[in-house]
Amino acid sequence: MKTNEVVRHSAETGGRRFSAHCDVAVIGAGPYGLSAGVHLKAKGIAVCVFGEPMEFWASKMPEGMLLRSPRVASSLSDPDRAFTLEAYEAASKKEPCAPVPLDTFVEYGRWFRHQLGSDHDPRTVLRVYRDGSEFRLSLRDGEEIRVKHVVVATGIGPFKKKPAAFQNLSPQQVMHCYEGREVRRFAGKRVVVIGAGQSALESAALLHEANAQVEVIVRESHVRWIGMHSWLHHMGPISSMLYSSHDVGPVGISRLVAYPKMVSHIPLKLRDRIRTRAVRPAGARWLPERLAQVKITTGRSVSRADGFGDEVALKLDDGSERRVDHVLLGTGYQVDISRYDFLPPELVRDVKQFDGYPKLASGFRSSVPGLHFIGATAARSFGPLLYFVAGTEFASRELVSHISKDRL
Ligand SMILES: Cc1cc2nc3c(=O)[nH]c(=O)nc-3n(C[C@H](O)[C@H](O)[C@H](O)COP(=O)(O)OP(=O)(O)OC[C@H]3O[C@@H](n4cnc5c(N)ncnc54)[C@H](O)[C@@H]3O)c2cc1C
């Protein structure tokens, strides 16, 4: 039976609206959830992908943002590689451009979603319960469904890091870069941006272009830029030996992280070093020019932040002070699956973890039978490719091969 039929034919059971059985629920309709759903469907597995398509990209990323990943690493995955970014551009008569604008990527993801038809359900999953060897999912409108497998593909939204120095500021005074959709409302305001990664640096450029007065404060002694030696990428076969087309990580590491299965066999300590090296804070090479007029203070951190009416007073570790209207945090995220509010604590406790990341085996299996995690939460097991759209191909194929075997 197909999931679309399943969801429509729900029956009243003991006050709860229960749907009949389906095989796999994928929670989250971002690049990972959509790709996994399409692969599962193509194998004839009854799947339903839950969530608003591309919600994180459409509503949390800053307006005007460009993708840092190269075009070749910015396609979602389908079994025949027929629904690529290029295919979308051709179908919608859009001129291909690089870097890829946020709006194009969001529209591409929504176009890709159509492959799922009614096997996509925009409702939010409120809670996942274990029910014998199966799972029970309660949905936003009170309906419940039962499934054999749950695939958690809900991204990094809840994992935003907020350093202790900023805990006392109100949401009007401090905000994370991933909540910064409307940059234009900061026109004429004094904004301090904290961080040296792509989100912080690109947000600073966008704010500056929107006529905000911006200062970037960076803990590190200097800001790193990615891809400044672009000639290394244009040496034909030699470049292919140095970098994979996914372009995640520096020379050499880039080749290794392109093979997540191999990475999963590397001892954890070394795997962690490879992961952190591959994703250390840096900005894309098209940012330095856009930031030429923006003050960047390096080697400093904020030790205290207090709100005074409409203003924020910042004290830096060299004793200097700043008075601004707003602070924007580009301080990254820390994976911790206990922060997924749809996973009850008793279920999270049963998932073996490395400091908030689930420990995963082949097929993205967690220690709870039938519960899988894909995307950023899988990066500690399978390496840094899983933080990026480029990892959707491996994740979908690996997941499907395990789930199809499980059904035999
Ligand atoms: C500023 C920034 C820039 C980035 N730039 C790039 C880039 O250029 N290239 C790249 O490859 N990666 C980039 N990334 C990383 C990017 O987050 C991942 O590549 C990508 O989003 C991973 O896809 P995903 O499906 O795992 O997560 P998401 O895209 O976050 O999708 C998860 C979805 O799950 C949904 N969801 C959450 N909870 C529920 C629930 N209970 N029920 C239903 N749905 C739910 C959310 O609404 C969300 O839409 C960037 C990240 C940030 C923060």
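A: **The ligand site and the strands**

A backbone N or O atom of Phe56 lies 3.1 Å from an oxygen atom of the ligand. The model is predicted: local features need pLDDT of at least 70, side-chain atom pairs count only at pLDDT 80 or more, and totals for chains, interfaces and linings use all residues. Residues are numbered from 1 along each chain as its sequence is written, and side-chain values use heavy atoms, with hydrogens and water left out.

Arg68 uses its backbone, with a polar atom 2.8 Å from a ligand oxygen. The protein buries 89% of the 980 Å² that the ligand exposes when taken alone. These areas come from the Shrake-Rupley method with a 1.4 Å probe.

Now the shell. It holds 26 residues, and the closest are Glu55, Arg68, Ser69, Val125 and Val389. By class, 16 of the shell residues are nonpolar, eight are polar and two are charged. Here Ala, Val, Leu, Ile, Met, Phe, Trp, Tyr, Cys and Pro count as nonpolar, Asp, Glu, Lys and Arg as charged, and the others, Gly among them, as polar.

Which elements supply it? Helices α2 (31–42) and α3 (55–59) each give at least two residues to the shell. The largest share, three residues, comes from α3. Helices (H or I, at least four residues) and strands (E, at least two) are DSSP runs numbered from the N terminus.

Met54 comes next. It sits in the loop between β3 (47–50) and α3. Its phi is positive, about 60°, although Met54 is not a glycine. Most residues other than glycine have a negative phi, and most peptide bonds are trans. Met54 is buried, with a relative accessible area of 0%. Buried means under 20% relative accessible area, exposed over 50%, and partly exposed in between (1.4 Å probe, protein chains only).

Asp355 also has a positive phi, near 45°, and is not a glycine. This residue lies in the loop between β16 (353–354) and β17 (357–358). Asp355 is exposed, at a relative accessible area of 61%.

One peptide bond also needs a look. Ala98 and Pro99 are joined in cis, with omega about -5°. Pro99 is placed in the loop between α4 (85–91) and α5 (102–113).

Next, the strands. β9 (residues 190–194) and β10 pair in the parallel sense over five bridges. Two strands pair if DSSP finds at least two bridges between them. Ile194 stands opposite Ile217 in β10. Val192 stands opposite Glu215 in β10.

β9 has another partner. Four bridges join β9 to β15 (residues 326–329), and these strands run parallel. Val192 stands opposite Val327 in β15.

β10 (residues 213–217) also pairs with β11 (residues 295–297), in the parallel sense over three bridges. In β11, Lys295 is the bridge partner of Glu215.

In β9, four of the five residues are buried. In β10, four of the five residues are buried.

Thr297 belongs to β11. Thr297 is buried, with a relative accessible area of 13%. Its side chain makes a polar contact with the side chain of Glu215, at 2.6 Å. A polar contact is a pair of N or O atoms within 3.5 Å; within protein, one must be able to donate a hydrogen and the other to accept it, and residues adjacent in sequence count only if both atoms are side-chain atoms.

Last, Cys177. It is in the loop between β8 (174–176) and β9. Cys177 is buried, with a relative accessible area of 2%. Its C-alpha atom is separated by 27 Å from that of Ser254, 77 residues apart along the chain.

Definitions and conventions
A residue is near a molecule or strand if one of its heavy atoms lies within 4 Å of it.
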